[in-house]
Amino acid sequence: MAITSDTEPSNLSDFVMNKGHGVKGLSETGLKSLPKQYIQPIHERINVNDVLQGQSIPIIDMSNWDDPNMADSICDAAEKWGFFQIVNHGVPIEVLDNVQEATHQFFGLPAEEKNRYSKERSSSNNVRYGTSFTPQAEKSLEWKDFLSLFYVSDDEASKLWPSVCRDPALEYMKKTEVVIKKLLEVLMKRLNVTEIDNQKENILMGSKRININYYPVCPNPELTVGVGRHSDVSTLTILLQDNIGGLYVRDEKKDSWIQVPPVKGSLVINVGDALQILSNGRYRSVEHRVAANGRSNRISVPIFVNPRPSDVIGPLSEVLATGEKPIYKEVLYSDYVKHFFRKAHDGKGTVDFAKI
């Protein structure tokens with residue numbers, strides 16, 4: 001069956017989702033125009049007039065952990081922007097290159113091979129191949145395919161994760177662990193948390209998920225998005241992006257968007273909703289989104305550092321010790337995540353679930 005922009009929705013869905021071709025397969029058919037299912041409402045498209053020129057999120061040199069100015073820069077960025085890039089972070093460049101290459105290799109597999117990991121066929125909920133975000137809840141689909149890998153143990157990963165990307169993904173997760181812990185130590189100190197004990201460590205980074213994302217060339221990128229407006233539900237997200245670009249971060253004060261240009265060897269760090277709640281709003285989880293691209297395929301590899309699903313999160317006692325009033329209630333983290341995934345991307349809408 002030839003796929004065109006006028007293909008019946010049921011046939012398109014069968015090709016993209018049920019047969020596992022994803023939007024990568026759709027792109028590779030040579031489509032000349034975007035299927036209507038992917039056309040976003042005008043207010044959800046990225047308008048160049050809404051992008052601030054000459055603005056950027058901070059780039060922080062992590063080469064000297066003993067420098068108090070570096071610690072201040074991290075905390076200031078988390079408070080003001082919710083996003084920053086780090087360089088000289090200690091994660092070897094070959095580890096970053098290897099996981100990017102592994103991402104290309106996974107998405108280069110035949111559709112039937114990738115489809116073994118789809119929601120309907122995967123042997124575990126911890127391994128999920130899919131497309132868009134939550135297709136069953138979305139009025140307009142997003143131009144992205146992904147593989148999501150929830151980390152439980154090396155043993156489970158060796159059994160369940162696709163062999164073509166398993167080892168580079170695990171290595172990337174392990175090599176970022178030191179910088180994640182250091183970032184959290186610095187951020188906690190400003191919240192008067194002097195020691196991260198086992199309980200705190202579980203709440204801050206008790207679980208991790210790594211996604212490998214593929215954004216294929218799009219015939220009408222101005223009509224759709226790679227990822228819609230959202231904030232992450234994580235404590236922190238550590239993002240590796242390739243050299244193509246397309247990530248935009250919201251500047252709430254100016255009601256505009258700032259592009260995050262790729263910096264070779266850097267990692268993009270952003271505050272997630274869990275840390276916004278734990279800090280009682282001091283650190284900001286900020287809306288961001290990804291543009292579709294009409295010229296190049298793009299990949300990205302985020303690590304989501306999260307509380308454990310069974311953890312109850314709310315403002316930390318150290319934050320409230322000075323008499324500050326809580327603006328968030330305590331919520332079971334798994335309930336919060338379920339709320340996020342049962343609807344389409346909707347900006348900062350998820351965090352209202354935890355507001356008092």
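**Sheet architecture and helix packing**

Four strands form an open sheet in the order β6-β11-β8-β9, with antiparallel pairing. The edges of this sheet are β6 (227-230) and β9 (256-259), each of which pairs on one side only. From one strand to the next, the twist averages 25°. The model described here is predicted. In general, the strands of a sheet are paired through backbone hydrogen bonds, in either a parallel or an antiparallel arrangement.

Within the sheet, strand β8 (residues 247-251) is paired with β9 in the antiparallel sense, over 4 bridges. Asp 251 is located in strand β8, and the bridge partner of Asp 251 in β9 is Ser 256. The relative accessible area of Asp 251 is 9%; Asp 251 is therefore classed as buried, since the cut-off for that class is under 20%. When residues up to four places away in sequence are not counted, Asp 251 touches Leu 52, Trp 81, Ser 256 and Ile 258.

Helix packing was examined for two pairs. In general, two packed helices are described by the angle between their axes together with the distance between the axes. For helix α4 (residues 93-107) and helix α7 (residues 166-175), the axes come within 8 Å and cross at roughly 145°. The crossing of α4 and α7 is left-handed. On the α4 side, the contact involves Val 95, Leu 96, Asn 98, Val 99 and Ala 102, which meet Pro 168, Ala 169, Glu 171, Tyr 172 and Lys 175 of α7. Classified by residue type, the contact of α4 with α7 comprises 7 nonpolar, 1 polar and 2 charged residues.

The second pair consists of helix α8 (residues 177-190) and helix α9 (residues 198-205), whose axes come within 12 Å and cross at roughly 110°. Angles of 65 to 115 degrees count as roughly perpendicular, and α8 and α9 are therefore assigned to that class. Helix α8 contributes Glu 177, Ile 180, Lys 181, Leu 184 and Met 188 to the contact, while α9 contributes Glu 201, Leu 204 and Met 205. By class, 5 nonpolar and 3 charged residues make up the contact of α8 with α9, with no polar residues.

Methods:
Residues numbered from 1 in each chain as written. Predicted model: local features only at pLDDT ≥ 70, side-chain atom pairs only at ≥ 80, totals over all residues. Heavy atoms only, no water. Axes fitted to C-alpha atoms, helices over the stretch in contact; angles between N-to-C directions. Helix = DSSP H or I, 4+ residues; strand = E, 2+ residues; numbered from the N terminus. Parallel < 35°, antiparallel > 145°, perpendicular 65-115°, else oblique. Contact = heavy atoms within 4.5 Å. Nonpolar A, V, L, I, M, F, W, Y, C, P; charged D, E, K, R; others polar. Left-handed = near helix turned anticlockwise from the far one by under 90°. Pairing = 2+ DSSP bridges. Buried < 20%, exposed > 50% of the residue type's maximum accessible area, 1.4 Å probe, protein only.
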